[in-house]
Amino acid sequence: KEPLTTATTCKYCSNKSTMNAIARHSAATAARTVRASTQKQQKRGIVDWMTNYPDKVMATKKIQMTGGTCQAQNNPTWMKQPGDLIPLALGAALVGFGAVNAVIGHYRLATGKGKLD
């Protein structure tokens, strides 16, 4: 934008002095700002639910840091929360199942057993 001088006028003023033009322009800008901020907020459904979700980070951090964080095998950080044993057991079961099937597959390949004729 070009500066307001006596030679130029803004769209809210018609051939007024510079001070009057600046005052009117400032008043119009302030009115637009107030009007925009007082409009009713929209309802956003799922977005409002996500942004207003309660913050539990500090409570979880307190549980994780109980007794310190460098305890290695005595009290590992990834085993401090309730419910940590279920994913551990599921992961161990999947790894065990895969390892057993890999050993069976290697045995069958080495001995030639289990072929389809």
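**Burial, helices and a loop aspartate in a predicted chain**

Of the 117 residues in the chain, 9% are buried, a term that denotes a relative accessible area under 20%, whereas exposed denotes over 50% and partly exposed the range in between (1.4 Å probe, protein chains only). The structure is a predicted model, in which local features need pLDDT of at least 70 and side-chain atom pairs count only at pLDDT 80 or more, while totals for chains, interfaces and linings use all residues. Residues are numbered from 1 along each chain as its sequence is written, and side-chain values use heavy atoms, with hydrogens and water left out.

The secondary structure comprises four helices and zero strands, where helices (H or I, at least four residues) and strands (E, at least two) are DSSP runs numbered from the N terminus. Where contacts (heavy atoms within 4.5 Å) join residues at least 6 apart in sequence, 3% of them link residues at least 24 apart.

Helix H4 covers residues 85-111, and its 27 residues should span 39 Å, in agreement with end C-alpha atoms that are 39 Å apart; the expected span is 1.5 Å times one less than the number of residues. Just after H4, glycine 112 adopts a positive phi of about 80°.

Aspartate 84 lies in the loop between helix H3 (57-64) and H4. With a relative accessible area of 18%, aspartate 84 is buried, and, leaving aside neighbours within four places in sequence, aspartate 84 is in contact with Trp78 and Met79.
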